[in-house]
Amino acid sequence: MSDLDQLTQSLARNLRRWRGERGFTLDALAARAGVSRGMIIQIEQARTNPSVGTTVKLADALGVSITTLLDCEQGPQVRIVPAGQAVRMWTTEAGSSTTLLVGTEAAGPLELWFWCLMPGEGSASDPHPEGTVELLHVTSGELTLVVDGEPHAVPAGTSATFEAHLAHAYRNEGAEPAEFTMAVSVPPAR
């Protein structure tokens, strides 16, 4: 498959996904984006390669970045963010600060959790509804995050995000307790 074919397929898949997650009909997205319904159908069926301008209009109407619409990643997406890549937003001389640990584009209910897993323990989760995203930040120990059967090491100071519509589990394979904060973004009920 050529790069252009792969890009066309990715755009088709991602446009369908984000239109569905936003609950937009073809007509609603067409009106919001100023793009014809027929063009959206052709894009979603990977029968055309739209202009950059059309792609930007669709991304804006969906409230996502153009990069998100053109993302070519295949399979479950897990993004690990090492401590050195977290973004310090501001600090004061007294030591106050905010740090953006990890982010994602999602809509709907949002839950915040604190977890503590003792050595050798774990918890498995059934897949959540399509469009559910989890973000987590490990504060102590090391978490083994398993998504769709693939383990990912997430040591203290590291953050991660993943699409939680796949089977996933949290394990502590280390010798000390693993503590982490987790946010779960669930798509709105339709």
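**Reading the sheet and what surrounds it**

Mentor: An open sheet of 5 strands runs in the order E1-E9-E6-E11-E4, and its pairing is antiparallel. Strands E1 (78-81) and E4 (110-117) are the edge strands, each pairing on one side only. Averaged over the sheet, neighbouring strands are turned by 15 degrees against each other, direction ignored. Axes here are lines fitted to C-alpha atoms, for helices over the stretch in contact, and angles run from 0 to 180 degrees between N-to-C directions.

Trainee: What do the labels rest on, and where do the coordinates come from?
Mentor: Helices (H or I, at least four residues) and strands (E, at least two) are DSSP runs, numbered from the N terminus. This is a predicted model, in which local features need pLDDT of at least 70 and side-chain atom pairs count only at pLDDT 80 or more, while totals for chains, interfaces and linings use all residues. Residues are numbered from 1 along each chain as its sequence is written, and side-chain values use heavy atoms, with hydrogens and water left out.

Trainee: In the chain, where is confidence lowest and where is it highest?
Mentor: pLDDT is the predictor's confidence in each residue, from 0 to 100. Where it is low, the predicted coordinates should not be read in detail. The chain averages a pLDDT of 86, and 90% of the residues score at least 70. Confidence is lowest in strand E3 (residues 97-100), with a mean of 68, and highest in strand E8 (residues 150-155), at 97.

Trainee: How many bridges join E6 to E9?
Mentor: Strands of a sheet pair through backbone hydrogen bonds, either parallel or antiparallel. Two strands count as paired if DSSP finds at least two bridges between them. E6 and E9 run antiparallel and are joined by 5 bridges, with Leu135 having Thr161 in E9 as its bridge partner. On the E1 side, strand E9 (residues 159-163) pairs with E1 in the antiparallel sense over 4 bridges, and Arg79 stands opposite Thr161. E6 also pairs with E11, antiparallel over 7 bridges; there Val138 stands opposite Phe180.

Trainee: Is strand E6 mostly covered or mostly exposed?
Mentor: Buried means under 20% relative accessible area, exposed over 50%, and partly exposed in between (1.4 Å probe, protein chains only). Strand E6 (residues 133-140) is mostly covered, with 6 of its 8 residues buried.

Trainee: Which residues does Val154 touch?
Mentor: Contact means heavy atoms within 4.5 Å. Val154 sits in strand E8 and is buried, at a relative accessible area of 0%. Not counting residues up to four places away in sequence, Val154 touches Ile80, Leu136, Val138, Glu142, Leu143, Leu145 and Ala160.

Trainee: How many aromatic pairs does a search of the whole structure find?
Mentor: Rings of Phe, Tyr and Trp (its six-membered ring) pair if their centres lie within 6.5 Å; planes under 30 degrees apart count as stacked, over 60 as edge-to-face and the rest as tilted. The search finds 3 aromatic pairs. One of them is the tilted pair of Trp115 and Tyr170, 4.7 Å centre to centre with 50 degrees between the planes. Trp115 lies in strand E4 and Tyr170 in strand E10 (residues 168-171), so this pair ties together parts 55 residues apart in sequence. Both Trp115 and Tyr170 are buried. Tyr170 and Phe180 have ring centres 5.9 Å apart and planes at 35 degrees, so that pair is tilted. Phe180 belongs to strand E11 (residues 178-185) and Tyr170 to E10, so the parts tied together are 10 residues apart in sequence. Ring pairs link Trp115, Tyr170 and Phe180 into a cluster.

Trainee: Which backbone angle is worth checking in the loops?
Mentor: Most residues other than glycine have a negative phi, and most peptide bonds are trans. Asp148 has a positive phi of about 55 degrees although it is not a glycine. Asp148 lies in the loop between strand E7 (142-147) and E8, and is partly exposed at a relative accessible area of 46%. Ala46, also not a glycine, has a positive phi of about 55 degrees; its loop lies between helix H3 (37-44) and helix H4 (52-62).

Trainee: What does Thr8 touch?
Mentor: Thr8 is found in helix H1 (residues 3-22) and counts as buried at 11% relative accessibility. Its contacts are Ala46, Thr48 and Asn49, not counting residues up to four places away in sequence.
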